[in-house]
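Have a look at the model below, and keep the viewer open while you read.

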Amino acid sequence: MKNLSKEELLSRLEAINRSNAIIYFDLSGIILGVNDIFLVAMGYGIGNHEELIGKHHSTFVCEEYATSLEYEKFWDILRSGKFYQGEFERRKKDGSLVNLQATYNPIFDESGVITKVMKIATDITETIVSKNKIEELSAKVKAELENSNKLRAAIEIEKDEAVND
């Protein structure tokens, strides 16, 4: 990647920016910049960058998590230069939940020092909601099937007893 021209690097970054929610943080978690896709996913609306720039990442998490040792370790991992990926439940501007598939990527300067963190994310809320509904329906069907099997067994017992009488 270091041998690529600036034009090629810029075009690759623009391609990522066109289809993903992106946000940048300093090493303490302060928001440095966001793209419109991120703003929309988090309920801020296109062009409302100023509503987030300067705020802390903890804006997107519940207070209990924001003050936890786990959250502190999360930022320690990022500050150590390691990337962090997974599915994350976050809070939108209105407090509702959003599920993101995301990668937090440390960004290094030319001398190898970490300068910021870039998060690239996709809103997977609909997928998670659908998955949860399928699991819920599957559990209901399983319970109905078990009840049906119990009823069938009870009928068979009754039938055998009636025949034997």
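## The second largest pocket

The second largest pocket has a volume of about 190 Å³. A pocket here is found on a 1 Å grid over the protein atoms alone: an open set of points with protein on both sides within 12 Å along at least five of seven lines, and its lining residues have an atom within 4 Å of a point. The volume is the space filled by probe spheres set on those points, with points joined across faces, edges and corners. This is a predicted model, where local features need pLDDT of at least 70 and side-chain atom pairs count only at pLDDT 80 or more, while totals for chains, interfaces and linings use all residues. Residues are numbered from 1 along each chain as its sequence is written, and side-chain values use heavy atoms, with hydrogens and water left out.

Which element gives the largest share of the lining? That's strand 3 (residues 84-91), with 6 residues. Strands (E, at least two residues) and helices (H or I, at least four) are DSSP runs, numbered from the N terminus. The lining includes Tyr84, Glu87, Phe88, Glu89, Arg90 and Arg91, along with Phe60, Val61, Cys62, Tyr65, Glu70 and Leu97. By class, the lining splits into 7 nonpolar, no polar and 5 charged residues.

## How the strands pair

Strand 3 runs antiparallel to strand 4, with 8 bridges joining them; two strands pair if DSSP finds at least two bridges between them. Arg90, one of the pocket-lining residues, sits opposite Val98 in strand 4. The hairpin of these two strands has 5 residues between them, and Gly95 takes a positive phi near 90° there.

Strand 4 is also joined to strand 5, again antiparallel, by 9 bridges. Here Ile107 faces Lys116 in strand 5. This hairpin has 5 residues between its strands too, with Gly112 at a positive phi near 90°.

Strand 5 pairs antiparallel with strand 1 over 5 bridges, and Ala21 has Ala121 as its bridge partner.

Is strand 1 buried or exposed? 4 of its 5 residues are buried, so strand 1 is largely enclosed by the rest of the structure. Buried means under 20% relative accessible area, exposed over 50%, and partly exposed in between (1.4 Å probe, protein chains only).

Ala121, in strand 5, counts as buried at 3% relative accessibility. Not counting residues up to four places away in sequence, Ala121 touches Asn20, Ala21, Leu100, Gln101 and Ala102; contact means heavy atoms within 4.5 Å. Ala121 and Ile22 are 99 residues apart in sequence, yet 6.3 Å apart from C-alpha to C-alpha.

## The largest nonpolar core

The largest nonpolar core has 24 residues, and Phe38, Leu52, Phe60 and Phe74 have the most contacts inside it. Such a core is a set of buried Ala, Val, Leu, Ile, Met, Phe, Trp, Tyr and Cys residues joined through side-chain atoms within 4.5 Å. Among the elements giving two or more residues to the core are strand 1 (21-25), helix 2 (36-41) and helix 4 (69-79).

Leu52, with sequence neighbours within four places left aside, is in contact with Ile31, Val34, Phe38, Leu39, Tyr44 and Phe60. Phe60 also turns up in the pocket lining.

## The loop between helix 2 and helix 3

Gly54 lies in the loop between helix 2 and helix 3 (63-66). Setting aside neighbours within four places in sequence, Gly54 contacts Ile30 and Ile31.

Ser58 is in the loop between helix 2 and helix 3 as well, and counts as partly exposed at 24% relative accessibility. With neighbours within four places excluded, Ser58 is in contact with Ala66 and Tyr71.

Notes:
On a 1 Å grid over the protein atoms alone, a cavity is a set of points where a 1.4 Å probe fits but cannot get out, and a pocket is an open set with protein on both sides within 12 Å along at least five of seven lines; lining residues have an atom within 4 Å of a point. Ala, Val, Leu, Ile, Met, Phe, Trp, Tyr, Cys and Pro count as nonpolar, Asp, Glu, Lys and Arg as charged, and the others, Gly among them, as polar.
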